[in-house]
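Here is a short note for a colleague who is new to this structure. Please keep the model open while you read.

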Amino acid sequence: METRVAIIAIMVESAESVAKVNDILHGYAEHIIGRMGLPYRERKMSIISIVIDAPHNTISALSGKLGRIGGVNSQTLYSK
């Protein structure tokens, strides 16, 4: 199956949601190329960027699961 490279930007604005985000990302670890997380203490939020190489439906599933978590916003940018 053909894969695509994508970047998923995640903003976690609820401390209670951090564990859920990490659990979901752990489930997709085999597809994740890199991850960078930045705590923004002044705004009480975390900003995470994920680079992933996976089939389109896998990337969409991950993005969808993240988007259903309360206090979490995510956007996905796909390669051509």
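The points below go from the sheet to the helices, the core and a few single residues.

1. **Basis.** This is a predicted model: local features need pLDDT of at least 70, side-chain atom pairs count only at pLDDT 80 or more, and totals for chains, interfaces and linings use all residues. Residues are numbered from 1 along each chain as its sequence is written, and side-chain values use heavy atoms, with hydrogens and water left out.

2. **The sheet.** Start with the strands. Helices (H or I, at least four residues) and strands (E, at least two) are DSSP runs, numbered from the N terminus. Here 4 strands make an open sheet, ordered 2-3-1-4, with antiparallel pairing. Two strands pair if DSSP finds at least two bridges between them. Strand 2 (32-40) and strand 4 (72-78) are the edges, each pairing on one side only. On average, neighbouring strands are turned by 15° against each other, direction ignored.

3. **Strand 1 and strand 4.** Ile 10 has Ser 74 of strand 4 as its bridge partner.

4. **Helix 2 on the sheet.** Helix 2 (residues 56-67) packs on the sheet and touches strand 1, strand 3 (45-54) and strand 4. Contact means heavy atoms within 4.5 Å. The direction of helix 2 makes about 160° with that of strand 4. Axes are lines fitted to C-alpha atoms, for helices over the stretch in contact, and angles run from 0 to 180 degrees between N-to-C directions.

5. **Two sides of helix 1.** Which residues of helix 1 (residues 18-27) are buried? They are Val 21, Ile 24 and Leu 25. Buried means under 20% relative accessible area, exposed over 50%, partly exposed in between (1.4 Å probe, protein chains only). Seen down the helix 1 axis, the buried residues fall within an arc of 100°, so they line one face. That arc is taken from the directions from the helix axis to the C-beta atoms. Asp 23, His 26 and Gly 27 are exposed on the other side. The cover over the buried residues includes strand 2 and helix 2.

6. **Helix against helix.** Helix 1 and helix 2 pack at about 170°, with axes 10 Å apart. That makes helix 1 roughly antiparallel to helix 2 (angles under 35 degrees count as roughly parallel, over 145 as roughly antiparallel, 65 to 115 as roughly perpendicular and the rest as oblique). Val 21, Ile 24 and Leu 25 of helix 1 meet Leu 62, Lys 65 and Leu 66 of helix 2.

7. **The core.** The largest nonpolar core has 18 residues, and Ile 10 and Leu 66 have the most contacts inside it. Such a core is a set of buried Ala, Val, Leu, Ile, Met, Phe, Trp, Tyr and Cys residues joined through side-chain atoms within 4.5 Å. Strand 1, helix 1, strand 3 and helix 2 each give two or more residues to this core. Beyond four places in sequence, the contacts of Leu 66 include Ile 8, Ile 10 and Val 72.

8. **Lys 44.** Check this one. Lys 44 has a positive phi of about 55°, although it is not a glycine. Most residues other than glycine have a negative phi. Lys 44 sits in the loop between strand 2 and strand 3. At 71% relative accessibility, Lys 44 is exposed.

9. **Thr 58.** Thr 58 lies in helix 2. Is Thr 58 buried or exposed? At 17% relative accessibility, Thr 58 counts as buried. Leaving out residues up to four places away in sequence, Thr 58 touches Tyr 28 and His 31.
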